Amino acid sequence: MEEHNSVNFMRLLSEESTLSALSSDSCEYYQTEIFDQLPSIQASRPEQDRQGLWEACEAHQGGPESGERISHGHLSRGPKDKAFTQPLRSLVMCLQGKRDARYRRKMQISNIDFWESWRRSQSINRKRVWAQMGGALSDLLPWQHTLHTIEGRFGVGVKAYFVFLRYLVYLNLLHCALVWAFILGPTTFYGRSNSSEPLKFGGKDSVLDFFHGSGYLDRSPLFFGFYTRGSLNLLCLNTPLLYLAGMLIILFLSLILVVRRTTVGFKHTWMLGKRYSMYVSYKIFCGWDFTIQDPAAASLKHCFIRNDLKLFLEEESFSVREALRTLGERVRLYLLRFVLNLIVLSLLGGAFYLIYFATITAQKESGHYWLVSLVLQYLPPITITFVNLLLPHMFRKISSFEDYSFTMQVNATLVRSIFLKLASLGIYLFFIFTTEHRQYPFHCRENRFGREMYKLCIFNFLATFCNVFLLNYPRKLLQEKYPSSLLARLLGKQRFLIPFKVLDLVYSQTVSWVGVYYCPLLPLIGAVTLMATFYIQKFTVLRCCVAEQRMFRGSSSSVLFHFMLLLGLLMAATTLGFNLYQLEATPDQNMSSCGPFGNGETVFNVTGVCVNSLPRPAQTTLRYLASEAFALPLILAEILILTSYVSRGRANQKAIERLKDMLVMSSSDKRFLVKQHATMLRRGRKPHRVCSAAIEEDAPPQTLEAPPALQAY
């Protein structure tokens, strides 16, 4: 009977066993054993890390050196871990994970000194304050409520257009500040030359001068010829050098800002590209837009995701179909594409000839009526706008016959439209450069060139205004009042074509960059017209358009838009460099007769006089930087920088591949744990046996005399 009176202590009550320290230690040992059996640990964890974990487990049991082990072990690496100083709500983890992180932080704080604890708390508070300040400043941005409204009704794609428009407004306002600091401010404070005429409105001036850019505006601060040498006439501090420095800073700062936005967008597109085979999972699990407030917009968002997945499947099936093409089918397809590309080139050639004809016609002297004269003056801008409005839609129709995928069709249309807009502007500038000095050899050619850029900017805004209020809005009224009419059914519903709208913005900004040297106040005109364009397009979206049925992929197309903006900036810099080189190469034919570089001066003469007035070491340094000998070190430095970036890119790619392997091993761990849990359930669904089994393996079996209250059982 004594065998029945002695029972095992661990088989008394499961509740007491789970609360006892001995049982928790045994469970700790069992969890560690399970952790060591995971496939990911067995595949990738080094032996010393496993030994460090056993030391941490021993320190957790107690002992005089437990606090020291924790402070020097894995938990003491908090100062080196950036995640420790981040607020808990910024961490990407579940709620239980954040609770565990908060518990670990408390353990770390209890084992560090006062100074380290204070430094960490101050770092967390400082980041929290900066985050709150950033949120408050973002709420103070202009048109923020309007952007939220547009995003809630039409999604992120349409909002991206208005964000891009607001960015261009900021950029033009920054240009205005630079123009005031370097050009307009010194001219206002120090005055102009004594031979300059006073600025008065009278005589032959009229209201039409504000459309032609002549007369009163030709003598105003709007154009290049107004800024002459004044009382500020030092060797290295004068009006010509300040004018040149202001223009170079505008172009260089614009280059930095545009390149930064282009690289950030390209990095985002590269990370979310199809090369990592995560498009479908990303679209399913992360594709919902939580800013949508309208139920109709929510249903449209469902339609967007469904259509986007259909588009992805269509592209995959197109890739399979493309791989199965025979040689004869490929030859016929290439012949068809060759013929269609010839048609595209013919359309571009006809457009360029039309621009040339309009330029020649507008430069002829005529004594027509004032309205006819105004139309002739604006004939090149009208022609360029008409070409840029008509041909992109024709390119879209042509690309549908080339048997490309849908994404390739959109990209082909955009590339052709980009080439059309930039090439039409470049052809127009070339015709102006080659014909102006022949017909007007004694006029201020910079003013005439700035006048053409001014007319392009003004007419581009007028075309946008007339397109909305004379075409789109009457079309919407017709569809609302007579929806069943034949004309309303033929016209169909209006949709906000984001790529073509962004192309118009890039074209207007390119015109502003090209003309800022000849028309310094053109950024101010551009900022005002862009603000007005924002409200006009807002009216178009909210009143005249319906949501697009196919999702606009702004993440990949935004890179193309900013790259196109970069091409426009490079075109502006090339135009300025060509003009300055032409002035230096042929000074007798292209000598400037007005502005800061008048009276036989050029950019190179003024800068040369300034360099000669500097000390000898500064002259030697500047001449070395401008010589060909500096090109070799510069090229070597660029090679080193590019090599470092390529090495970092390869290292990041290896890290990404390693993280992908970790995801695979994580799924293996989950399957292993599910299998272990199922095994435990099959063994009897009694968890306390696991802890008792672990104790029995570690400690010798002991039998204790059961209390009298338990012997009755």
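Contact, in what follows, means heavy atoms within 4.5 Å. With that in hand: among contacts in this protein between residues at least 6 apart in sequence, 75% join residues at least 24 apart.

Some housekeeping. This is a predicted model, in which local features need pLDDT of at least 70 and side-chain atom pairs count only at pLDDT 80 or more, while totals for chains, interfaces and linings use all residues. Residues are numbered from 1 along each chain as its sequence is written, and side-chain values use heavy atoms, with hydrogens and water left out.

The protein has 30 helices and 2 strands. Those are DSSP runs, numbered from the N terminus: helices are H or I with at least four residues, strands are E with at least two. Of the 713 residues, 37% count as buried. Buried means under 20% relative accessible area, exposed means over 50%, and partly exposed is in between, with a 1.4 Å probe and protein chains only.

Now the cysteines. How many disulfides does a search of the whole structure find? The search finds 1, taking a disulfide as a pair of cysteine sulfur atoms within 2.5 Å. A disulfide is a covalent bond between the sulfur atoms of two cysteines. Here the bond joins Cys236 to Cys610, with S to S at 2.1 Å. The angle about the S-S bond is 115°, and the link of Cys236 and Cys610 is right-handed. The two cysteines sit in distant parts of the chain, 374 residues apart: Cys236 is in the loop between helix H12 (216-219) and helix H13 (239-271), and Cys610 is in helix H26 (residues 603-612). Cys236 is partly exposed, at a relative accessible area of 33%, whereas Cys610 is buried, at 13%.

Next, Cys457, which is in no disulfide; its nearest cysteine sulfur is that of Cys519, 8.4 Å away. Cys457 is buried, with a relative accessible area of 12%. Cys519 is likewise in no disulfide, and for Cys519 the nearest cysteine sulfur is that of Cys457. Cys519 is buried too, at 0% relative accessibility.

Axes here are lines fitted to C-alpha atoms, for helices over the stretch in contact, and angles run from 0 to 180 degrees between N-to-C directions. Helix H20 (residues 445-481) and H22 have axes that come within 9 Å and cross at roughly 160°. H20 and H22 are therefore roughly antiparallel to each other. The cut-offs are under 35 degrees for roughly parallel, over 145 for roughly antiparallel, 65 to 115 for roughly perpendicular, and oblique for the rest. The crossing of H20 and H22 is left-handed. That term applies if the near helix is turned anticlockwise from the far one by less than a right angle; clockwise makes it right-handed. On the H20 side the contact is made by Phe449, Met453, Leu456, Cys457 and Asn460, and on the H22 side by Asp504, Tyr507, Ser508, Val511, Val514 and Gly515. By class, this contact of H20 with H22 has 7 nonpolar, 3 polar and 1 charged residues. For the classes, Ala, Val, Leu, Ile, Met, Phe, Trp, Tyr, Cys and Pro count as nonpolar, Asp, Glu, Lys and Arg as charged, and the others, Gly among them, as polar.

H22 has another partner. The axes of helix H22 (residues 498-515) and helix H23 (residues 522-544) come within 9 Å and cross at roughly 165°. H22 and H23 are therefore roughly antiparallel. Which hand does the crossing of H22 and H23 have? The crossing of these two helices is right-handed. Residues of H22 in this contact include Ser508, Val511 and Gly515, and those of H23 are Leu522, Pro523, Leu530 and Gln537. The contact of H22 with H23 divides into 5 nonpolar, 5 polar and 1 charged.

One more pair: helix H9 (residues 144-154) and helix H10 (residues 156-190) pack at an angle of about 155°, with axes 7 Å apart. H9 and H10 are therefore also roughly antiparallel to each other. Their contact involves, among others, Phe154 of H9 and Val156 of H10. Its residues divide into 7 nonpolar, 1 polar and 3 charged.

Ser254 lies in helix H13 and is buried, at 0% relative accessibility. Not counting residues up to four places away in sequence, Ser254 touches Leu171, His175, Trp513 and Leu569.

Asp403 lies in the loop between helix H18 (379-399) and helix H19 (406-439). Most residues other than glycine have a negative phi. Asp403, not a glycine, has a positive phi of about 60°. Asp403 is partly exposed, with a relative accessible area of 31%.
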